[in-house]
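Please look at the sequence and the model shown below before reading on. The report that follows describes how the parts of this assembly are arranged.

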2 protein chains.
Amino acid sequence: MTIYDIAKEAGVSISTVSRVLNDKGNVKSETKKKVEAVLARSNYAPSAIARGMTGKQLQTVAVLTVDIRVPHYARTAYTIEREFSRKGYDVTLCNTGGELKETVRYLRSMLEKQVDGLILVGSVFNELGQNPEVKPLLKAVPVVLANGKLNLPYSYSVLVDDVYGVGLSVQHLYQKGHRDIYYFKDMDTASAQAKRDGFLRAMETLGLPGAEKHVLETTAGIEGGSKAALELLHSGRAFSAIVCGEDLTAVGVLKGLAQAGVRVPQDVSVTGYNNSAYARICTPQLTTIDNKPELVAMLSVQLLSSLIEKTDVYSSGVIQPELVPGESSADYR
Amino acid sequence: MTIYDIAKEAGVSISTVSRVLNDKGNVKSETKKKVEAVLARSNYAPSAIARGMTGKQLQTVAVLTVDIRVPHYARTAYTIEREFSRKGYDVTLCNTGGELKETVRYLRSMLEKQVDGLILVGSVFNELGQNPEVKPLLKAVPVVLANGKLNLPYSYSVLVDDVYGVGLSVQHLYQKGHRDIYYFKDMDTASAQAKRDGFLRAMETLGLPGAEKHVLETTAGIEGGSKAALELLHSGRAFSAIVCGEDLTAVGVLKGLAQAGVRVPQDVSVTGYNNSAYARICTPQLTTIDNKPELVAMLSVQLLSSLIEKTDVYSSGVIQPELVPGESSADYR
DNA sequence: CTGTTAGCGCTTTCAT
DNA sequence: ATGAAAGCGCTAACAG
């Protein structure tokens, strides 16, 4: 069923049908009614493809992310999808695994499909975006980085101030009397580095020297957290609080400490990051940092759609995280 | 940059370019080389839209799901996306919220875009798919239900045997000596009903009568679990084990019981469902049921792509869940 | 082997 | 206010 069928059926030309379809005016209301009548009883659906053929816009954007199964990305992607859907765009999902090869593959495919824009979710893309294979693919359409930054002509950013975020945790613990604070770092993205820096800076600001030695690198996930906690414990070093760069790491810390008979928060305080469901599921519930993925997503969508529709372009924004108190941190004693 | 530019540049016709582009043969290897050379230095990308215009295939499928933030759906959607990506398809994500209006809106949009097929994830679509507004939209392209069933011409299913799944939990508890077993139900989808039935049937099979009175309905999420657990506790009814239809509900149960000073598993055993990350994060770790979303996803993709490409059509499959023992269930004493 | 040509379904001038 | 006609970029007959 095409526009021709409708035209024939209504006894008008395809131009007229196209006009009523797109509400372009210049159609006698009588003719319009006639066409609409045919339209109504015909279950005709215009082909978005044919439209894209002329208009050059498929009303589609792509979201590239590392892995939609990671709750933080899921929340971001969810909000992006919902917001764009409201605006009449469809969203193509790309799980790149953070890998160069996949990123390139997806980008190529998206450009062939003539997506109207791209949102790259996660700071992995800071680095990936600079890659000579990727770079040229990123200038064909507007690009927004959600929690990332890229110095490319058509790209804009919505950033989360992770330095500040981790600073909140440190400050929180400091106020509770903790001085021997450790930081568990589990990744190597720009975001993870910012968090580490946030830790170092906050410690310095609070007059707690030698914080570099209080940064422990470990693997991602529960395992990494447990392992690092046990190592710290066995090292014999004094500590009363552990700040983690991820909720999942913090969960691991809780498990590790529990296994060693260390009570949280009575003996040691622990904080996470992301304000994920995990933080509310584990015992005790985590004190964590809300880095507001929904807000990041909404701003990213706003930014990208204004870029696509060439309306006023908002400048890149920076979002301030917030501390969410839980049961895993308490006064030092 | 179009095929015409390439043709001119290489001094051949567009057909020839098209031929080498699609590896159709019938091109002198010399000419081919020439064209490929031009192609290589031109960063030309064929327009998938124009292709779709003729070929009627955009190599795109849509995944409709309730909410990608729910880990179980995220796992399913992730696997679907990855598998289709391997096959050269793009995946459009649709978060319908399980709502009729949104479902209709998404379906319409997807059909206008000429998606090659649809995967509906979750048994909510059993009912939604029967809706007179939805039904006609589902016969334009092949449809696969992941963990759902629809009696429609072009639709196929990959089912999880949830009756059997919950049965595993009951059996597990029975073997550990439990007799006073309760079931917490928190949704009203076909899947949730199957689970409830699984409970009733298993109880009957094991010779434990009056199981209907052992089914407690509650709201979804942690809250629902806690609430129901406390209610059961205060009702004064005897019970030594609680089977939940969702891990999250089970987590709530753990929290509720802990709050009331009831120890798990020493005093009461608890089981969840889904084998989600949640089950491993909470304390104690949950005994749960693995309903294999990745497998469901892979079979769904296989099914849908064979429908799209009209190769051999696999019959709809049924997947058997497995019990994953955790620390939340122990011998009755 | 290669080029010419006719669409695919729609939007958009340009006439009328 | 309406219609005719020219593409959009590509694929697929159909001729050579």
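## How the two copies meet

The copies meet through the same surface, because 100% of the interface residues of chain B are also interface residues in chain A, where two residues are in contact if their C-beta atoms, placed from the backbone, lie within 7 Å. This is a predicted model, in which local features need pLDDT of at least 70 and side-chain atom pairs count only at pLDDT 80 or more, while totals for chains, interfaces and linings use all residues. Residues are numbered from 1 along each chain as its sequence is written, and chains are lettered from A and ligands numbered from 1 in the order in which they are written.

The contact takes 38 residues from chain B and 38 residues from chain A. On the side of chain B that touches chain A, the elements that give two or more residues are helix 4, helix 5 (71–86), strand 2 (90–95), helix 6 (100–112) and helix 12 (277–281) of chain B; helices (H or I, at least four residues) and strands (E, at least two) are DSSP runs, numbered from the N terminus. Helix 5 of chain B gives the largest share of this side, 6 residues. By class, the side of chain B that touches chain A holds 20 nonpolar, 8 polar and 10 charged residues, where Ala, Val, Leu, Ile, Met, Phe, Trp, Tyr, Cys and Pro count as nonpolar, Asp, Glu, Lys and Arg as charged, and the others, Gly among them, as polar.

## A sheet shared by both chains

An open sheet of 12 strands, with mixed pairing, has the order 11(A)-5(A)-4(A)-3(A)-1(A)-2(A)-2(B)-1(B)-3(B)-4(B)-5(B)-11(B); two strands pair if DSSP finds at least two bridges between them. Its edge strands are strand 11 (317–319) of chain A and strand 11 (317–319) of chain B, each of which pairs on one side only. On average, neighbouring strands of this sheet are turned by 20° against each other, direction ignored; axes are lines fitted to C-alpha atoms, for helices over the stretch in contact, and angles run from 0 to 180 degrees between N-to-C directions.

Where do the chains join within the sheet? Strand 2 (residues 90–95) of chain A and strand 2 of chain B run antiparallel and are joined by 3 bridges, and A:Leu93 has B:Val91 as its bridge partner in strand 2 of chain B. Within chain B, strand 1 (residues 60–65) and strand 3 (residues 117–121) pair in the parallel sense over 4 bridges, with B:Leu64 opposite B:Leu120 in strand 3 of chain B. Helix 5 of chain B packs on the sheet, touching strand 2 of chain A together with strand 1, strand 2, strand 3 and strand 4 (143–146) of chain B, and its direction makes about 175° with that of strand 1 of chain B.

## A second sheet in chain A

In chain A, 4 strands form an open sheet in the order 7-6-8-9, and the pairing is parallel. Strand 7 (215–217) and strand 9 (269–271) of chain A each have a single partner strand, so one side of each is left without a neighbour in the sheet. Strand 6 (residues 181–185) and strand 8 (residues 241–244) of chain A are joined by 4 bridges and run parallel.

The table lists two helices of chain A that lie across strand 6, strand 7 and strand 8 of chain A.

| Helix of chain A | Angle to strand 6 of chain A |
|---|---|
| Helix 9 (residues 190–205) | about 170° |
| Helix 10 (residues 221–235) | about 145° |

## Around the DNA

Of the 25 residues around DNA strand C, those that come nearest are A:Thr2, A:Ile3, A:Ser18, A:Ala50 and B:Ser15; a residue is near a molecule or strand if its C-beta atom, placed from the backbone, lies within 6 Å of it. The largest share of this surface, 5 residues, comes from helix 4 of chain A. The surface near DNA strand C has 10 nonpolar, 13 polar and 2 charged residues.

DNA strand D is surrounded by 25 residues, of which the closest are A:Ser13, A:Ser15, B:Ile3, B:Ser18 and B:Ala50.
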